[in-house]
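Hi,

Here is the structure I said I would pass on. Have a look at it first, and my notes come after.

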Amino acid sequence: MRRTLLALGGIFMLQGFAYPALAEDKWLDPQDAIAQLWSGRAPVGQGAQWPVNQCNQWDALPADIQAASTNTDSGLVIPSVDVNRAVLTNGLQQMAKSLLAYDLSTMEAGHFYPPADIDGPFILDPKFWQDAARSPHGNTLDHLPVLDTSGFNNELHMTQVLKTQNRAEVMNTLNATPGMTNSQRWNYYAARFAKVGQDTIPLTGYVEFTQMEDQWDNQYSFAAADGRIVYDYINNKVYFTPAHYKQWKQADFKPDDTPAYGCTPEGTCCDPFFQITQQAATQ
C-alpha cells in the first residue's frame, strides 16, 4: 500500500508541475460530440424552441434562433455555440478563440499567424499552425454559406514563388510578405494546397484545420481523424465538424455513413457543422 501511495503521489506531482490539469469532461466519440455541441447551441435556454427535427426547416425557426444560426443553400441550418461554453474541448476552444481574434485586414508583414496570447493547452507558435493547417475546403454540398471570392487577385509571381515550397515554407513566406491582407495571404495558401490526390479543390474562401488536442488533456480521441475546423478567411468565421464533414441523424445524433457525405433516408439529417462564435457575455 505504501508503494502504491508513493506512486500515486508521484503522478500527482507530475501533473502539478509538468502537465495541465486533466479535463473533467470528454467527448467519447463523434456521436457524443455532436450531442454535446447540440445541447450547447444558442440561444442558451431556448432549446425547446429549436427541436432537432427543425435543423432543416429555417422558416420554422423563431427570429431569435435564426439570428443565432446560419441558413445554407443545402437547406440545412448551422447552429452556433459560444466559444466560452463548457461543451467545447480545451484544444478546440483555444484554436477558435485565436482565430476569432485574428485580424484579416492587416497588410503588415509578420502578422499572418493567428494570435498566440490565448490561454489553453498549446503554445500557438508558427509550428502549431503549420501542423494544424490543411487544404482549402470545397463546400461542394453547400453545407456552409457560399462566399464571394471575387475580390482576390492571386498574382502569377507569388504563385510561382510558392509552388515548390512545403507547408511551413509557404506560411513563413506569406508571413514575411507585406502589401497584402491576411485574407489574400490565405487565398494564396489555399491555391498552393488545392491539389489533393487527383482532385483540385475549388477556392471557396474556406480553409481547413485539424482539431488539435493535448495528449495529457485529450478530451476527444477522435480529434486527429475526425475533428475539423473550417475557417472563413473572408469574414473571420469559425465552423467545426466533429465527424469529418458527415451529416448526422436527427434521431440519435449518429454520423450518417452515406457515401459522399449524403444522408439516408434523405431529409433525416442535420448540417455537419457548428459555428463557434463570440456571443454575449451571458452565454
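Predicted model: local features only at pLDDT ≥ 70, side-chain atom pairs only at ≥ 80, totals over all residues.

Residues are numbered from 1 along each chain as its sequence is written, and side-chain values use heavy atoms, with hydrogens and water left out.

Start with helix 8, residues 182-192 (helices are DSSP runs of H or I with at least four residues, strands are runs of E with at least two, both numbered from the N terminus). Of its 11 residues, 9 are buried, so helix 8 is largely enclosed by the rest of the structure (buried is under 20% relative accessible area, exposed over 50%, partly exposed in between, with a 1.4 Å probe and protein chains only). Those buried residues pack against strand 4 (133-136), helix 6 (156-162), helix 7 (167-176) and strand 7 (206-210). Ser183 is one of them: its relative accessibility is 10%, so it counts as buried. Leaving aside residues up to four places away in sequence, Ser183 touches Leu104, Phe152, Tyr233 and Ile234 (contact means heavy atoms within 4.5 Å).

Now the rings. There are 20 aromatic pairs in the structure (Phe, Tyr and Trp rings, the six-membered one for Trp, with centres within 6.5 Å; planes under 30 degrees apart are stacked, over 60 edge-to-face, the rest tilted). Trp38 and Trp50 make an edge-to-face pair, because their ring centres are 5.0 Å apart and their planes at 65°. Trp38 belongs to helix 2 (residues 30-39), and Trp50 to the loop between helix 2 and helix 3 (63-67), 12 residues apart. Both Trp38 and Trp50 are buried.

The charged end of Arg167 sits over the Phe193 ring, 4.3 Å from its centre (the cut-offs are NZ of Lys or CZ of Arg within 6 Å of the ring centre and within 35 degrees of the ring normal).
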